[in-house]
Amino acid sequence: MRSSSEYSICSPMNAHASVITAAAPGIAAIGLEPKELFVLGEVEQHPYPAERAATPCMPKPSVTVYVKRLEAAALLRREIDSADLRRHRLVVTPAGRKASAQGKALLSRAYSDRLGRLGAAEQASLLALLEKMS
């Protein structure tokens, strides 16, 4: 039998993993891995590679690999930061914006499919709880 702390940690992660698994074939069809989609989606918020790698979601070497793949696919490019010429920043290309939007739409549909399993009151309660947690 699981303890309540195991449910509080495992259940949301399992639900999130289920969504990613459901969306993965569509994400692959646009030429991305799910983790590449997440890196691409965060570049505007974290435009410096070291800054992005410092967020707790992925190890630094993984971020480096994904950034290189995204650059090779012309979805990202590096530019010298005009405020500090010693630094490079990542910029999402128009093709990257399109791929990111398509990937986010796939994830959104997968989440909507799962939310559709809940009644209206359950959906409202879940939304309220998620907002409270964030």
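From the N terminus on, the protein chain runs α-α-α-α-β-β-α-α. That comes to 6 helices and 2 strands. Helices (H or I, at least four residues) and strands (E, at least two) are DSSP runs, numbered from the N terminus.

This is a predicted model: local features need pLDDT of at least 70, side-chain atom pairs count only at pLDDT 80 or more, and totals for chains, interfaces and linings use all residues. Residues are numbered from 1 along each chain as its sequence is written, and side-chain values use heavy atoms, with hydrogens and water left out.

**The whole chain**
- The protein chain has 134 residues, and 26% of them count as buried. Buried means under 20% relative accessible area, exposed over 50%, and partly exposed in between (1.4 Å probe, protein chains only).
- The protein chain exposes about 8,900 Å². Carbon and sulfur atoms supply 60% of that area. Accessible areas come from the Shrake-Rupley method with a 1.4 Å probe; for residues, only the protein chains shown count as cover.
- Take the contacts (heavy atoms within 4.5 Å) with a separation of 6 or more: residues 24 or more positions apart account for 50% of them.

**M58**
- M58 sits in the loop between helix 3 (49-54) and helix 4 (60-72).
- M58 counts as buried because its relative accessibility is 9%.
- M58 and K35 are 23 residues apart along the chain, and their C-alpha atoms are separated by 8.9 Å.

**T93**
- T93 lies in the loop between strand 2 (84-92) and helix 5 (94-115).
- T93 has a relative accessible area of 9%, so T93 is buried.
- Not counting residues up to four places away in sequence, T93 touches A74, L75, L76 and R77.
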